[in-house]
Amino acid sequence: MSLLKSEATFKFRVANKYFSKFTVSFDEKFIDVIVEPNADGLFAPFLWAESKKNITDVSQMFAQLLLTIKPIYDSGKKNLPKYLGVFDKEKIVFVEFYHLLPIFLLSDFNWNEKPSSVSRKTENTVAKFLYPQPKSPKSQKQKLDQKLDQIVVYEFNFAHDDSGLREFIKSNFTFNGDTVKLQITKNNFLHVYNRWVAEVRPSIVASFDTLQEYDLIDGDFYLADLLSEDNESVMKSLKVSLRQTVFHVNIRRSDRLFKEEIRFCDKGRAHDKFWSKYERPPAKEYWDYMIDRRDLLVPQEIRERKGSFFTPKIWVEKSQEYLEKAFGEHWQDEYIIWDCCCGTGNLLVGLTNPDNIWASTIDQPDVEVLNELIDGGHNLWKNQVFQFDFLNDEFKPVSDGGKIPDKLFKIINSTEKQKRLIIYMNPPYAEHGNKLTIKSHGKNKSNVARTSAVYTEYQPLIGTAAREIFAQFFIRIKQTLPNAKLASFSTLKYVNAQNFSKFRNIFRAKYKCGFICKASTFDNVSGQFPIGFLIWDFEQPKKITRIQTDVLVCDGGLVNCRKEKTKNFYAVERGDYIIDWLRNYYDKSSERIGFFRIAGVDMQHNSHIFITLKPSANDIKESLITNITPKNLIETSIYLAVRQVFEHTWENDRDQFLYPNDGFKKDKQFQNNCLIYALFHSQNKVSANDGVNHWIPFRAKEVKAKSNFESDFMYKFLCGRNIIPEHLASSAMTSAAHKVLSTGKLLWTYYQETIKSDGNANVNASLYNIREYFKKRNPETNRINAKAIDQNFNELDQELKNALKSLAEQIKPKTYEYRFLQE
């Protein structure tokens, strides 16, 4: 294909040459090319495509296309296509939309990027989905699974693959001419659900109390509706079934069967209107997938309470590899496995010995789903799957009126057999609301974590840790099964968080091995923090002091993962945190030069620590501020510096800052480095608009100010520590600190020279004020803009930031040397 003069002409040529039998539209603002069936009806498009006149990298084009269609995907106003595609003058590439759907669930994907300027990071993320690295399968089944999971990128060269491209389009851009309804597949299963909630759910007379009473969600009604033919549900195992115009709830708890009929308030008019657009039921090949992925339909607050977070296949496989590492090659034959919050059995996929597997779940309908999956070949025995509320039900055998099968109860009740029992699980996560939750968001989960029998029994023993549902599981397992093994996914709080100190006094076990992975690799889990899979042996009770985990990272498609490094986590006792050290320097009697905002002792709270002249009323009320005075300026500067020199990542999110040793007291150079770092860091939010600015490190004359500053405190303080801004050649600080101070001086001077003709500018401006002056504020968000129009300022500001990064690198090793952090 020849090089064309314009991209628009190029698009038309490609469309006319290859898609002339279809309806083709062009949208310059959104999707370059849309190819749809040339027929009446509600068919999904065949293709949404991005086009480029010049030869462009495939991953870059797909990244641009994904950024473009994200708002359309979120709005739910358009039917999704079968394929996404990209093409340039050399080639055209197709990928089934379903394969790229997980990208829309990534919490760390930067959707704020402009499609016209895609970053390398975003491009690489998309590339990992398009071209995942294959791993070596260990069995014929894994070979088959790998083949089924493989993403196929169909690429055709215009010059050499013309006939192949035409055959591909002919074979795949097809539809059944008799069908006038939209097909529901893996691609749009969740998309259609969101529309169903908006259009049909309001007409179903099922109150929130009804849903809560029967542990139902809107998704249960959707599945009953979706998996039906002629308004009759085709699956018997569902919690809810549809019979004509009535939903039937059938919930079995213990020996009681609860039934209720739920009807439409509009005689089904909204329901009939909605399903006139879609074909029901979907193709049978999708049924298992849709039932298995009920977790995608669970509201966030319920997902947290009941743990309906689907464990990605890659972590299921890895967890079983680590179980083999901990207990030997024949662990599945030598040990009994019990998943006591199994849901629909996702975590048990891949286990090979059903004789040794037990599975329990809080919901009877999940048991029924599992039984149906067993009928379809799931490797479990029905009589070893049972309903059991682990946090409320008694440990009693069925023969004594309890719920635990007698065979399993004999194992539980035997000290020796317990030693061969592995509790293998991914437990629920929910936490009772704290002050931040209650006051900032108006929500409190007190009815989530504080209503169980386990909470009532063990809260006096483990304190605030009992707020966490996973901790309730752990403590009951530890206390009830003191010789068993525990292999579980969870956060790392119970290992190193300060509010788990009492919990760790009870939870004593030998650590075997484990790994951490990024939390956002789990469906709909947001936040940059680690999820750990750790294996413990209760038979050998040991106090937790330090554990070492493997750090596993995976490609964007969650197909492959690798061990990047190892990481240590330390159990820290109360009184040994950095805040306990800082309290030694609280000063309420000396002259105050600022306020220090403090919150949390781990890496995730670093952004909440800053210097200001005007704290919020809430911070004062919640005792989140302390005075900065000449007597504690060095200590508060050290506190801020050691907290800010490290970039927050998902791996270090829960790292705890500690009470240091005394080494820092004699290291004046370290102290001065931290002081300079604190003066110029962005978390120094001192503003001259809020009071007298004591934080200018220069004399007015040396930065060419038009008048004296209101305060020369900081200049004199620096001189008293042998840091003379006019004479920077001093051993009192490192070369990187010299660079920060000298660059800061240039920036201050440039500001003072700039404002000489501006009568409204404040000569006493802080660094925060200087940046605000040049960058201005966005009138819509009221935030300071990222860049200024003045390029001279931008260059100086960037030079200062670079110098500050170099200084951070000199402070980091001292942070470990003086034990503010442990490696």
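Biologist: Is helix 2 mostly covered or uncovered?
Modeller: Mostly covered. In this predicted model, 14 of the 18 residues in helix 2 are buried.

Biologist: And how far does helix 2 reach, end to end?
Modeller: From the first C-alpha to the last, helix 2 reaches 26 Å. That's close to the expected 26 Å for its 18 residues at 1.5 Å a residue.

Biologist: Where does helix 2 bend?
Modeller: At Ile69, by about 40°. There's a proline following within four residues, Pro71.

Biologist: OK, on to packing. At what angle do helix 2 and helix 4 cross?
Modeller: Roughly 105°. Helix 2 covers residues 58-75 and helix 4 covers residues 120-130, and their axes come within 8 Å. Angles of 65 to 115 degrees count as roughly perpendicular, so helix 2 is roughly perpendicular to helix 4.

Biologist: Which residues meet there?
Modeller: On the helix 2 side you've got Val58, Ser59, Gln60, Phe62, Ala63 and Leu66. Helix 4 brings Thr122, Glu123, Val126, Ala127 and Leu130.

Biologist: What's that contact like by class?
Modeller: Seven nonpolar residues, three polar and one charged.

Biologist: Zooming out, how many helices and strands does the protein chain have?
Modeller: 31 helices and 23 strands.

Biologist: What share of the protein chain is buried?
Modeller: 55% of its 823 residues.

Biologist: And how much of the contact set links residues 24 or more positions apart?
Modeller: Taking contacts with a separation of 6 or more, such pairs account for 68% in the protein chain.

Methods: Residues numbered from 1 in each chain as written. Predicted model: local features only at pLDDT ≥ 70, side-chain atom pairs only at ≥ 80, totals over all residues. Heavy atoms only, no water. Axes fitted to C-alpha atoms, helices over the stretch in contact; angles between N-to-C directions. Helix = DSSP H or I, 4+ residues; strand = E, 2+ residues; numbered from the N terminus. Parallel < 35°, antiparallel > 145°, perpendicular 65-115°, else oblique. Contact = heavy atoms within 4.5 Å. Nonpolar A, V, L, I, M, F, W, Y, C, P; charged D, E, K, R; others polar. Expected span 1.5 Å × (residues − 1). Bend = angle between axes of the 7 residues up to and from the residue. Buried < 20%, exposed > 50% of the residue type's maximum accessible area, 1.4 Å probe, protein only.
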